[in-house]
Amino acid sequence: MLSLLFLVLLTQANLSMSEQLPQNIFILAGQSNMAGRGGVVNNTKNGIASWDGIVPVQCQPNPSILRLSASLTWVQAHEPLHADIDYNKTNGVGPGMSFANAILTKVPNFGSIGLVPCAMGGTSISEWAKGGFLYDQLVRRTQFALQRGGVIRAMLWYQGESDTQIREDADAYKGRLDRFFIDLRADLGYPTLPIIQVALASGEGPYVEIVRNAQLGINLPNVQCVDAKGLPLEPDRVHLTMPAQVQLGQVLTDAFLQSLPSPIHIANNSCRRFSNLMFHFLIGPLLRFVLFIVPFT
């Protein structure tokens, strides 16, 4: 009997000490400027892209910021956030870490953050339609992130550069984006999912303004739009620089926080603190007592 009790208590202790789950879930989706190309440079001799490895202070790891890996495991987040998701491309700094760190700086009692990277470079809005690989992966990863608690707070969406190349795609962009947002909310069972999208700073073709106007003209409830126009670009004139990504993350933070009720009603750490106190004052001493008496039974 004592041995069984010992095993139960030991299991509880291991869970209490090792399990780290986020309280606030954010989806990061779109294409390369969400995945992050800040600090990525092309070698002029061989044309191979590489990341310079520089991580600005606003994007440094934080124990309270986790990311859902490609293998569906919560791990401490660090740049590049999309390295194992947008794996066919060279990833650098994106807006995600700057966004999460800025939230914790401005709202210290916000609770732990879980980032769910889903962005994929070079993808058009039609590739994000329901039934496709990108859509299914986004839904699957988000559903997994919510399985063991936590609340989905918002999706950050930055996409559209690929849809500026062909006039027909640019003209169809607004309808396709509307449909994507509506389908995603339905399949996640969250009809009012907050979405913060980024209006393009650049594009791969001549129809940037058509896509920008579509983004700025979205009229769905709980969909905000922040404008990236004017942010500094890398030499390729498509991707945001590292400082621009940091700035964008902070702009996204302001948009998110301004959308919350005032005063901010946010889940705090009380449940987790209670669990830790229970382990410290009750389970821990009891476990030590069991360990002490087991040899004598």
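First, the ground rules. This is a predicted model, so local features need pLDDT of at least 70, side-chain atom pairs count only at pLDDT 80 or more, and totals for chains, interfaces and linings use all residues. Residues are numbered from 1 along each chain as its sequence is written, and side-chain values use heavy atoms, with hydrogens and water left out.

Let me start with helix α3, residues 96-106. Helices here are DSSP runs of H or I with at least four residues, strands are runs of E with at least two, and both are numbered from the N terminus. How many of the residues of α3 are buried? Nine of its 11. Buried means under 20% relative accessible area, exposed means over 50%, and partly exposed is in between, with a 1.4 Å probe and protein chains only. The buried ones are G96, M97, S98, F99, A100, N101, A102, I103 and L104. And what covers them? The cover includes β1, β4 (65-68), β6, β7 (151-158) and α7. Cover is a matter of contact, meaning heavy atoms within 4.5 Å.

Now take α7 from that list. Two packed helices are described by the angle between their axes and the distance between the axes. The axes of α3 and α7 come within 7 Å and cross at roughly 50°. That makes α3 oblique to α7. On the terms: axes are lines fitted to C-alpha atoms, for helices over the stretch in contact, and angles run from 0 to 180 degrees between N-to-C directions. Under 35 degrees is roughly parallel, over 145 roughly antiparallel, 65 to 115 roughly perpendicular, and the rest oblique.

Who makes the contact? On the α3 side, S98, F99, A102, I103 and K106. On the α7 side, Q245, V246, G249, Q250, L252, T253, D254, F256 and L257. The contact holds seven nonpolar, five polar and two charged residues. Nonpolar covers Ala, Val, Leu, Ile, Met, Phe, Trp, Tyr, Cys and Pro; charged covers Asp, Glu, Lys and Arg; the others, Gly among them, are polar.

α5 and α6 pack at an angle of about 5°, with their axes 8 Å apart. They are therefore roughly parallel to each other. R167, A170, D171, Y173 and K174 in α5 meet I210, V211, A214 and Q215 in α6. That contact divides into five nonpolar, one polar and three charged residues.

On to the aromatics. Rings of Phe, Tyr and Trp (its six-membered ring) pair if their centres lie within 6.5 Å; planes under 30 degrees apart are stacked, over 60 edge-to-face, and the rest tilted. By this rule there are 11 aromatic pairs. One of them joins F26 and F256: centres 5.1 Å apart, planes at 80°, so the pair is edge-to-face. It links distant parts of the chain, with F26 in strand β1 (residues 24-30) and F256 in helix α7, 230 residues apart. Both F26 and F256 are buried.

Y135 and F180 are also edge-to-face, at 6.2 Å centre to centre and 75° between the planes. Y135 sits in α4 (residues 133-146) and F180 in α5 (residues 167-188), so the pair ties together parts 45 residues apart in sequence. Y135 is buried at 2% relative accessibility, and F180 is buried with 2% too. W128, Y135, W157, F180 and F181 form one aromatic cluster.

Last stop: the backbone. Most residues other than glycine have a negative phi, and most peptide bonds are trans. Which peptide bond is cis? The one from E79 to P80, with omega near -10°. P80 lies in the loop between β5 (74-76) and α3.

Then two positive phi values. N222 has a phi of about 65° although it is not a glycine. N222 is in the loop between α6 (208-216) and β9 (223-227), and is partly exposed at 44%. R237 also has a positive phi of about 65°. R237 lies in the loop between β9 and α7 (242-258). Buried or exposed? R237 counts as exposed, at 54% relative accessibility.
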